[in-house]
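I opened a new notebook page today. My plan was to look at the whole chain, then at a single residue.

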Amino acid sequence: MRIADKLAERQTFSFEIFPPKGELPLEEAYAIAGEMAADRPDWISVTYSAGGSGNSGNTVPIAASIERDLGVTALAHLTCLGSRRADVDGYVAQLAEAGIDNVLALRGDRAPGREAIDFAHASDLISYLRSTDADLCIGAACYPEGHVESPTEQESFESLYKKQEAGADYLVSQLFFDNEDFYRFRERCLRHRVRLPIVAGIMPFTSVKQIQRMAFTCGASIPAKVVKRLVLAGDDPTDQARAGVEYACEQLVDLAANGVDGLHVYSMNKPAVAHATCEALRACGYLGA
């Protein structure tokens, strides 16, 4: 089912997984997806060579297994930086053969040797996908605190508007740790003529190092209340992970109560983390039993 149709019907709940890196077996991703599918998410997204890791060849097989074997809608990521039109055509053909009609169109991370060829921006990719015969439901990324490469708020929203006009069906947000940032962003979208459904992306942090890395990479600010949680958790990795998951659950419950279009959990391939967020929402009545 097309994700845009799901968003039109209800507040959605979804997870993200990434393909195994290096020599890890593909079966590991299938097992992780299988555990997450047990919580009956509206979809599971599968990343595409995050950070230039070179594991993009596994995206379609994993997404196909999610659709075919697990009966859950799959959202296949596609990044375009360093790609030619022929590369995109080949990927779209793979999606069609696998029966996948949901794609998240992204520029992708900058990396050495990965320069713009036929696509400089995600909006270029979205426009090209719309020009083909592929009948895809296309999602795009948005950034509640602004894109790290956008010097001004105005430029950030202009880029977002271009994605909408190019043909994006909905938006999935970058992670954030303060819900007020997301609510302000949602209001500003309307002022900047961006009227697409917006799915809120939440990453449960599981260590001090992880949250520091994510904040630096994504430009997400770390509010004082998060720092306090980490201080109280101390140096024990288990306590740090517990504090992070609890904080993410509180974020998700608050977002659900405030009527966001969808909730997306960057689970970092941890089924237990994904399950905890699902249970928190069910306990508050935002997901079915």
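I began with terms: helices (H or I, at least four residues) and strands (E, at least two) are DSSP runs, numbered from the N terminus. By that rule I found 11 helices and 8 strands in the chain.

I noted that this is a predicted model, where local features need pLDDT of at least 70, side-chain atom pairs count only at pLDDT 80 or more, and totals for chains, interfaces and linings use all residues. Residues are numbered from 1 along each chain as its sequence is written, and side-chain values use heavy atoms, with hydrogens and water left out.

Next I looked up the dimensions. The C-alpha trace spans about 50 × 45 × 40 Å along its principal axes. The radius of gyration (over C-alpha atoms) is 18 Å. The globule rule is 2.2 Å times the number of residues to the power 0.38. For 289 residues a compact globule would have a value near 19 Å, so the chain agrees.

Then I checked burial. Buried means under 20% relative accessible area, exposed over 50%, partly exposed in between (1.4 Å probe, protein chains only). Buried residues make up 51% of the 289.

I turned to contacts, meaning heavy atoms within 4.5 Å. Among those between residues at least 6 apart in sequence, 81% join residues at least 24 apart.

Last, I picked Gln240. Gln240 sits in helix α10, residues 237-257. Is Gln240 buried or exposed? Gln240 counts as buried because its relative accessibility is 8%. Leaving out residues up to four places away in sequence, Gln240 touches Phe205, Thr206, Ser207, Val208, Ala233, Gly234 and Asp235.
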